[in-house]
Amino acid sequence: MKNQRLFLILSFLLIVLRVQADDLDDFIRNQMRKRSIPGLSLAIIQDGKILKAQAYGFIDKEGKLPVSTNTLFQAGSVSKSVAAMGALYLVEKGKLSLDEDVNVKLKSWKVPDNEFTNEKKVTLRGLLSHTTGLTVHGFPGYAVGGKTPSVVQILDGTAPANTPPVRVDFVPGSRWRYSGGGYTVMQQLMADVTGTDFPEFMKNTVLSPLGMKNSTYQQPLPPELAKITATGHYNNRSVVEGRWHVYPEMAAAGLWTTSSDLARFAIAIQNAYAGKSGNVLSQAMARQMLTDQKNRDGLGVFLQGDSATLRFGHNGRDEGFDALLTASADKGQGVAIMINANDNSHMMNRIVDFIADYYHWTGFPVHTAKPVAVDVDPNTLKAFEGRYELFNNRMVTFKAENQRLFTLEDGFVDEEFVPVAHNKFTSTDRNVSVIFNSDAAGNVIGFTLEDNDQKYQRKVPRIGPLAAAHKTNVDPDPSRTPKIMVALQAMVKGGKILEEATGLSSGAKRDFAGGMREPETLKSLTFMHSENVAGRGIQRHESDVSEIVTYQLKSNQPDTYILVHLTADGLVTDCDLVDR
């Protein structure tokens, strides 16, 4: 009788677990369908072990070959976290010091001294925590089969490098700024002190010891590994030419891996943090890795939560690939997600929230309360449609539908906001609200973003309405359109043509030196709308934006719209392609 009762209990538990798995799988597939994500790889950590490793979808949008748990994805900036472990290993071996001037050990290249390094020097601690003052945020990579630069050429910004030189432009340690350039300096530093190629060093000291057998920093990939990769897709779901890009900036962006291997990496940090033996890092070093240096940045990982709910992780993006890794420091929980698309939505965060909710993870805050809707006049709701500058060079777009506001990301519906007052809307995904603000004439000029979890508010300025809401209009200043066309064409081409072009801000000339990926050609511009945004605090490429002009665009892409950001002097300082 006892055995029969035990059998019934176990059978019931298996049924419950199967239902939960089905719920999770259904949720993920539904999210992928909404966002047109070709493929996704997932690993869930529970009690310090991989509880679930699952692949969904296909290696490309053709949908013929399914993704497996061994399919390789590019990790983007999650590469930095794994590379950081290699650097900290060298610190523990006495090969490097966290607070020594990196120029002491650099041999092949030195950080150029200038007025910012007179008193404070670039250190490994600063490289790992993005506080060195070094430039170059990220890297676009290089076409498969094309010329790729050496690390020294990348650091100096010399051909065939497609990014500017990596230089110090503020006093090291004085503030935080994300720098992939800093991690590229670290890559050269590690190669110089070990005398070993970076991929080989990382394989021997980090990847193999942690059981990350499907991971490599080799760039480009050898043919036998290239056969088991996913294909990258841009945010419009077009395929990356050559299927992916090559990243000689390996420490910053060059890791090929799987979600299961990223989970193994997170588990290794959890084990080291707990003082368990057999790890790459000691407990003391793991705890230093998870100590806030500045701006909730540890040594190679970003931090969330308080001392009782501390979590670490990193997001990643390469051309056509996105990744997310998040894990608790001491509760044995975590999630790794990799997709073969650039997706600007909250999809991966929603998946993490769903997992944390039904596994009842206390260390991961989950927003479960649903806002109660009030009626809003349709005309009022329509007035809130449009684009807003969420933060520098990052727009959020609202579309009104069925008494709700929905954000649009990459042309797909993303987050739902429910009206809780005539001008206040609350997210159904997060504990976040937006309160729309108007000027004296009643025109919407922005919104106040309220984050009730983080307990802060900030103003978000309006860029303008949806382009598709306007028919062709008469341009109040038609003489500027030919000048804008010339400036945009120079931005597309980059190089010497951009250097010699007029009508562009200095920041645009600097930041578009390598050209723009799309549109590849510009055939014509048709004026649609212009909005005076002077005084709203919008800045692109270090220039204040005074006016934003919307054109319908004819190019090599299907007809779309382009938002052109102009300074008070009429100089083009940025542009954004949009589909409505």
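A residue counts as buried when its relative accessible area is under 20%. Ser-546 has a relative accessible area of 17% and is therefore buried. In this predicted model, Ser-546 is located in the loop that joins strand 21 (543-544) to strand 22 (547-555). Leaving aside residues up to four places away in sequence, the contacts of Ser-546 are Glu-531, Asn-532, Val-533, Ala-534, Leu-566, Thr-567 and Ala-568.

The protein as a whole contains 15 helices and 24 strands. For 580 residues, a compact globule would have a radius of gyration near 25 Å, and the value computed for the protein, 25 Å, agrees with this. Along the principal axes, the C-alpha atoms fill a box of roughly 80 × 70 × 45 Å. Of the 580 residues, 53% are buried. Among contacts with a separation of 6 or more, 62% are between residues 24 or more positions apart. The accessible surface amounts to about 25,400 Å², and carbon and sulfur atoms contribute 51% of that area.

Helix 2 covers residues 78-92. At 1.5 Å a residue, its 15 residues should span 21 Å, and the end C-alpha atoms are 22 Å apart, which agrees. Most of helix 2 is covered, with 13 of its 15 residues buried. After helix 2 comes Gly-94, which has a positive phi, near 80°.

The largest nonpolar core has 87 residues, and the members that touch the most other members are Leu-124, Met-186, Met-289 and Leu-290. Not counting residues up to four places away in sequence, Met-186 is in contact with Ala-83, Ala-84, Ala-87, Leu-124, Leu-127, Leu-128 and Ala-251.

Charged side chains were examined next. The count of salt bridges comes to 28. One of them pairs Arg-264 with Asp-261, with the closest N and O atoms 2.6 Å apart. Both residues belong to helix 9 (residues 259-273), where Arg-264 and Asp-261 are three residues apart, about one turn of the helix. Asp-261 has a relative accessible area of 0% and is therefore buried. Arg-264, at 26% relative accessibility, counts as partly exposed.

Glu-385 takes part in a salt bridge with Lys-382, in which the closest N and O atoms are 3.6 Å apart. Glu-385 also forms a salt bridge with Lys-399, and here the corresponding distance is 3.5 Å. The pair of Lys-399 and Glu-385 links distant parts of the chain, the two residues being 14 residues apart. Lys-399 is in strand 12 (residues 394-401), whereas Glu-385 is in the loop between helix 12 (378-383) and strand 11 (386-391). With a relative accessible area of 7%, Glu-385 is buried. Its two partners are treated separately. Lys-382 is partly exposed, at 47% relative accessibility. Lys-399 has a relative accessible area of 21%, so Lys-399 is partly exposed.

Salt bridges also connect Arg-35, Arg-237, Asp-343 and Asp-410 in a network.

Conventions: Residues numbered from 1 in each chain as written. Heavy atoms only, no water. Helix = DSSP H or I, 4+ residues; strand = E, 2+ residues; numbered from the N terminus. Expected span 1.5 Å × (residues − 1). Buried < 20%, exposed > 50% of the residue type's maximum accessible area, 1.4 Å probe, protein only. Contact = heavy atoms within 4.5 Å. Core = buried A, V, L, I, M, F, W, Y, C linked by side-chain atoms within 4.5 Å. Salt bridge = Lys/Arg side-chain N within 4 Å of Asp/Glu carboxyl O. Rg over C-alpha atoms; globule rule 2.2 N^0.38 Å. Areas by Shrake-Rupley, 256 points an atom, 1.4 Å probe, with all protein chains shown as cover.
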